[in-house]
Amino acid sequence: MSTTATLNAAAAAPRRMTVPAFRARKRAEPLVMLTAYTARMAELLDPHCDALLVGDSLAQTIYGLPSTVPVTLDMMIAHGAAVVRGARQALVVVDMPFGSYEEGPEQAFRSAARVLKETGASAVKLEGGQAMAPAIAYLSARGIPVMAHIGLTPQAVNILGGYGARGRGDAEYARIAADAAAVADAGAFAVVIEGVVEPLALAITEAIACPTIGIGASAGCDGQVLVVDDMLGMFDRTARFVKRYDTLSARIQDAARDYAADVRARRFPEAEHLYG
């Protein structure tokens, strides 16, 4: 391909959402985010989303693990690179897995730099509030955009004791509000608020300058995110805050059943599927 053709192709491609453009959507049109783990799913979701999150929820959705704790940096990088290859216009954010950033800002930088270099993603996401603020500030000052994640933080499930809603008591409500302020002040360009009581989500959205992305929080957040497999109905059980927009699990089983029946009855392949 000639240089001119390459430049023309690049000019025709849709412009990818940038971190500053994403941040500027605070109190504007709600931001749409879904998880994605493969190139093809990213390709399908990309036209409809402002951001695609390569979530460590792949622990359960892809690998059948009991929690996100066993996920490794290599796993996140492999799936992050695939999603970047499939997406053309959505901002791609990759989760930092448990154990890749909690030790301190320097460890967080090494891990995050590797993620951006090896995937081509635009940003990373990490869980935690006030304790993670120094790492967020360190990364932001060194050119790595960070999306924060507060409230119900799945990587801390062993400390939290489960996946119940957070912020019901006065002390926890105040602590999560302080977490939001700390990560926003440290330079996070957006904050995911998961599994908190709605008044808390609304208060945080009003209080901080960067967009809030709700998941089990409030429609009043600046955007929403769901695990795509939950939204598509791939699992029998989902959290209360999930709305199923399809029941793909049933349709996949129906298709597999019909295929199996055709094979066993020698109805497939037919002449149109064969080479003469």
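Let's start in strand 5 (residues 146-151), where histidine 149 sits; strands here are DSSP runs of E with at least two residues, helices are runs of H or I with at least four, and both are numbered from the N terminus. This is a predicted model, so local features need pLDDT of at least 70 and side-chain atom pairs count only at pLDDT 80 or more, while totals for chains, interfaces and linings use all residues. Residues are numbered from 1 along each chain as its sequence is written, and side-chain values use heavy atoms, with hydrogens and water left out.

Histidine 149 is buried at 4% relative accessibility (buried is under 20% relative accessible area, exposed over 50%, partly exposed in between, with a 1.4 Å probe and protein chains only). Setting aside residues up to four places away in sequence, histidine 149 touches Lys125, Leu126, Glu127, Gly128, Pro154, Val192 and Glu194, where contact means heavy atoms within 4.5 Å.

Its side chain also turns up in two of the polar contacts below. Those are pairs of N or O atoms within 3.5 Å; within protein, one must be able to donate a hydrogen and the other to accept it, and residues adjacent in sequence count only if both atoms are side-chain atoms.

| Polar contact | Distance |
|---|---|
| histidine 149 side chain, glutamate 194 side chain | 2.9 Å |
| histidine 149 side chain, leucine 152 backbone oxygen | 3.2 Å |
| serine 57 side chain, tyrosine 37 side chain | 2.7 Å |

Lysine 125, one of the residues touching histidine 149, belongs to strand 4 (residues 123-127) and is buried too, at 2% relative accessibility. Beyond its sequence neighbours within four places, its contacts include Leu53, Asp95 and Val192.

Lysine 125 also shows up in the UniProt record: an unreviewed entry puts a "binding site" at Asp56, Ser57, Asp95 and Lys125. These four span 70 residues in sequence, yet no two of their C-alpha atoms are more than 12.6 Å apart, so they gather at one spot. UniProt positions follow the numbering used here, feature names are shortened, and annotations may be inferred rather than shown by experiment.

Serine 57 lies in the loop between strand 2 (51-54) and helix 4 (58-61) and is buried, with a relative accessible area of 14%. Not counting residues up to four places away, serine 57 touches Thr35, Tyr37, Thr68 and Val227.

Now for the helices. In helix 5, Leu73, Asp74, Ile77, Gly80, Ala81 and Val84 meet Ser111, Arg114, Val115, Glu118 and Thr119 of helix 6.
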